[in-house]
Amino acid sequence: AQSVWGYDSDNGPERWHENYPLAKGDKQSPVEINSKDVQHDSSLAAWHASYDPGAAKTILNNGRTCRVVFDDTFDRSVLRGGPLSGAYRLRQLHLHWGSRDEHGSEHVIDGVRYAAELHMVHWNPKHGNFAGALKQPDGVAVVGIFLKVSEIENIKTKGKEAPFQHFDPSILFPKSRDYWTYHGSFTTPPCEECITWILLREPIEVSSDQMAKLRSLSKNSENEPEDPLVDNWRPPQPLKGRIVKASFK
Ligand SMILES: COc1ccc(C[C@@]2(O)NC(=S)NC2=O)c(OC)c1
Ligand SMILES: [Zn+2]
C-alpha cells in the first residue's frame, strides 16, 4: 500500500512527503559533506560514550533495518561531550546498507558512498521520554559510523553465536574521534528535525562476508516470498544553508 513508506519506487524517499510533510523540511538528513565547505570549530569538545554492555536487550529485523535495542530507562549507557550539553541515553542502533559494496551509506563524504552506515541513536532525558525528545531540536543525538569492506580475509568464526546481552557497542567506534556535526533529521519518516548528528570521520572495516550477512536479511516475514532487505538508505537532502562543523582541521 502506498501509505506504508519504504525504499521502493512506489513508496520510496521521493514520495515520503505525501504522507510525512516534514520530509520536505529545511533540516533533513542525510546530507552530502564536501570537505571544502566544512568549517573547523576549535571550540568543539571531544565526545565520550560510557555504555553498559548489560543494557543491550534484543536484535530485531523490523523489515526496514537490523536494530539492537538497549535499556534506556535510566542513565545506563550514555553519550556526552562533543556538540552536546548533558548526557544522552543510548536507545538503539541500526544500519543502512546497499545491495553492493559501492553504495549503502546515507551520508555521502566528498562523493564517497560507503557500503553501509551505522546509526547509534541517543536521546536527551531532560525532555522526559523519547517521544518528547523527538519534538525538540536538542532532543536526539545520533553517532553515524561508516562501514567499508576491508581487503583482508574476513576472520569470521564459523557457527559462533555471540549473545547480545554482553555487547558493548563502543567496540564499534573507530580509532579516531574526529567528527563532523550538523543539525538534521531522522532519515526515515516521520523525519523529525530533532537530531544533532555526530558523524565519525574514520570508517570501520567489515569483511565482505559480514556485508553478505546483512544482505541475507529479508523484508518479508517467515513463510512469505523472499524479498531481500537491501538498499534501505535515503539519498542526501538539501543543506538549505546549514554549515557542517568539523572537530578536526
Ligand atoms: C520517531 O522516532 C524515530 C523515527 C525514525 C527512526 C529511524 C531513523 O529514521 N532515524 C535514523 S537516525 N535513521 C533512521 O532510519 C528512529 O530511529 C531511532 C526514531
Ligand atoms: Zn538510521
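**A loop to start with**

A: Let's begin at Asp 231, which sits in the loop between helix H2 (208–215) and strand S14 (245–246). Keep in mind that this is a predicted model.

Q: What's the phi of Asp 231 like?
A: Phi is near 55 degrees there, which is a positive value in a residue that isn't glycine.

Q: And how much of Asp 231 is open, in relative accessible area?
A: Asp 231 has a relative accessible area of 23%, so it counts as partly exposed.

Q: Which loop is Lys 240 in?
A: Lys 240 is in the loop between H2 and S14. Phi of Lys 240 is positive too, near 50 degrees, and again the residue isn't glycine.

Q: OK, switching to the ligand. How many residues surround ligand 1?
A: There are 15 around ligand 1, and the closest are His 94, His 96, Phe 186, Thr 187 and Thr 188.

Q: What kinds of residues make up that shell?
A: Eight are nonpolar, six are polar and one is charged.

Q: Which polar side chains come up against ligand 1?
A: Thr 188 has a polar side-chain atom 2.5 Å from an oxygen atom of ligand 1. For Thr 187, a polar side-chain atom is 3.1 Å from a nitrogen atom of the ligand. Then there's His 96, with an N or O atom of its side chain 3.4 Å from an oxygen of ligand 1.

Q: How much of ligand 1 does the protein cover?
A: On its own, ligand 1 has 450 Å² of accessible area, and the protein covers 85% of that.

Q: Which pocket is ligand 1 in?
A: Ligand 1 takes up the space of the second largest pocket.

Q: Which elements give two or more residues to the shell?
A: Those are strand S7 (88–97), strand S9 (116–123) and S12.

Q: And which one gives the most?
A: S7 does, with three residues in the shell around ligand 1.

Q: Is His 96 buried or exposed?
A: Buried: the relative accessible area of His 96 is 3%, and the cut-off for buried is under 20%.

Q: What else does the side chain of His 96 reach?
A: Its side chain and that of His 119 are joined by a polar contact of 3.1 Å. The His 96 side chain also reaches the backbone oxygen of Asn 232, at 2.8 Å.

Q: New topic: where are the cis peptide bonds you can tell me about?
A: One runs from Ser 29 to Pro 30, with omega near 0 degrees. Another goes from Pro 189 to Pro 190, where omega is near 15 degrees.

Q: Where do Pro 30 and Pro 190 sit?
A: Pro 30 is in the segment before strand S1 (32–33). Pro 190 is in the loop between strand S11 (179–184) and strand S12 (195–200).

Q: Last one: where's Leu 44?
A: Leu 44 is in the loop between strand S2 (39–40) and strand S3 (47–50).

Q: Buried or exposed?
A: Leu 44 is buried, since its relative accessible area is 18% and buried means under 20%.

Definitions and conventions: Residues are numbered from 1 along each chain as its sequence is written. Chains are lettered from A and ligands numbered from 1 in the order in which they are written. This is a predicted model: local features need pLDDT of at least 70, side-chain atom pairs count only at pLDDT 80 or more; totals for chains, interfaces and linings use all residues. Side-chain values use heavy atoms; hydrogens and water are left out. Helices (H or I, at least four residues) and strands (E, at least two) are DSSP runs, numbered from the N terminus. Buried means under 20% relative accessible area, exposed over 50%, partly exposed in between (1.4 Å probe, protein chains only). A residue is near a molecule or strand if one of its heavy atoms lies within 4 Å of it. A polar contact is a pair of N or O atoms within 3.5 Å; within protein, one must be able to donate a hydrogen and the other to accept it, and residues adjacent in sequence count only if both atoms are side-chain atoms. Accessible areas come from the Shrake-Rupley method with a 1.4 Å probe; for residues, only the protein chains shown count as cover. On a 1 Å grid over the protein atoms alone, a cavity is a set of points where a 1.4 Å probe fits but cannot get out, and a pocket is an open set with protein on both sides within 12 Å along at least five of seven lines; lining residues have an atom within 4 Å of a point. A molecule sits in a cavity or pocket if more than half of its atoms lie within 2 Å of its grid points. Ala, Val, Leu, Ile, Met, Phe, Trp, Tyr, Cys and Pro count as nonpolar, Asp, Glu, Lys and Arg as charged, and the others, Gly among them, as polar.
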